[in-house]
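Colleague: I would like to learn how to read a model like this one, feature by feature. Could we go through it together?

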Amino acid sequence: MIELKQKEIDSLAHISFLEYKKITFKEQTARLASFSKDIICGTTPSTKDCSLWNGDVPFITVDAMANRIFTTTSTRTITKKAYINSNRNVHKDFIMVSCIGTVGVVSLASKDSQTNQQINSINPIDKFKYFLFWSLKEKKEELQLLSKSGSATPNVNKETFSKILIKTPDDISLRDFNKIAFPLFSKILVIQNEIDCLNKQRNLLLKKYFCSE
């Protein structure tokens, strides 16, 4: 069942990407910042303060983003106190891009979250969010090249990241893409949450089985 649902996600994502490839562009390019309301870098709450950890808010790392359109689960969590006290919070549909260490992983936030310092998050202008998702996926090699500019650890800082040039989509073409992309991504998120529930059920059954041996 899980494998079938993952294939459905892959199929929906592929359809969306094919529609993205149909977009026509204006002659000019623009900086990434022009397509966003804000770009923030991640932060890690103090690990010495237990009141900031093991709460209900996902703390997202690159591993949690890998091979996912939406990041819906995380191995670590922070408390609402840590979230409220931070000015670097991520909300649903923010686009998260890994920019330190493992560079070029792209995923969408599915809920209020916080990320570590490896990740830059974009609060996109709504009409550009799914367009930017695929645009940044295609920028992986460019991001990796930018990350090798002298630092021992691959690193694309926030300033450099915000200046990445993005082709500007034609307005009508973007509108046509969004008509198809919005329901596709909404369906992907629903299925991803279903997979998470199935994984939890499977893990509980396995735990019950092995504990009864």
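Colleague: Does Cys41 count as buried, partly exposed or exposed?

Modeller: Some ground rules to begin with. This is a predicted model, in which local features need pLDDT of at least 70 and side-chain atom pairs count only at pLDDT 80 or more, while totals for chains, interfaces and linings use all residues. Residues are numbered from 1 along each chain as its sequence is written, and side-chain values use heavy atoms, with hydrogens and water left out. For accessibility, buried means under 20% relative accessible area, exposed over 50%, and partly exposed in between, with a 1.4 Å probe and protein chains only. Cys41 is partly exposed, because its relative accessibility is 25%. Cys50, at 69%, is exposed.

Colleague: How many disulfides are found in the whole structure?

Modeller: A disulfide here is a pair of cysteine sulfur atoms within 2.5 Å. The search finds zero of them.

Colleague: Let's turn to the helices. Where does Leu18 sit?

Modeller: Helices (H or I, at least four residues) and strands (E, at least two) are DSSP runs, numbered from the N terminus. Leu18 belongs to helix H1, residues 2–20. With a relative accessible area of 42%, Leu18 is partly exposed.

Colleague: Why is helix H4 described as largely enclosed by the rest of the structure?

Modeller: Because eight of the nine residues in H4 (residues 129–137) are buried. Among them are Lys129, Tyr130, Phe131 and Trp134.

Colleague: How are H1 and H4 oriented relative to each other?

Modeller: Axes are lines fitted to C-alpha atoms, for helices over the stretch in contact, and angles run from 0 to 180 degrees between N-to-C directions. Under 35 degrees counts as roughly parallel, over 145 as roughly antiparallel, 65 to 115 as roughly perpendicular, and the rest as oblique. H1 and H4 pack at about 90°, with axes 10 Å apart, and are therefore roughly perpendicular. Ala13, Ser16, Phe17 and Tyr20 of H1 make the contact (heavy atoms within 4.5 Å) with Phe131, Trp134 and Ser135 of H4.

Colleague: Which residues touch the most other members of the largest nonpolar core?

Modeller: A nonpolar core is a set of buried Ala, Val, Leu, Ile, Met, Phe, Trp, Tyr and Cys residues joined through side-chain atoms within 4.5 Å. Of the 40 residues in the largest one, Phe131 and Phe161 touch the most other members. The elements giving two or more residues include H1, H4 and helix H7 (171–211), and H7 gives the most, with nine. Leaving aside neighbours within four places in sequence, the contacts of Phe131 include Tyr20, Phe35, Leu174 and Phe177. A second, separate core has eleven residues, including Ile40, Phe94, Met96 and Val105.

Colleague: One backbone question. What is the phi of Asn54?

Modeller: Most residues other than glycine have a negative phi. Asn54, in strand E3 (residues 53–60), has a positive phi near 65°. Asn54 is exposed, at 70% relative accessibility. Asn67 also has a positive phi, near 60°. Asn67 lies in the loop between helix H2 (62–65) and strand E4 (70–71), and is exposed at 81%.
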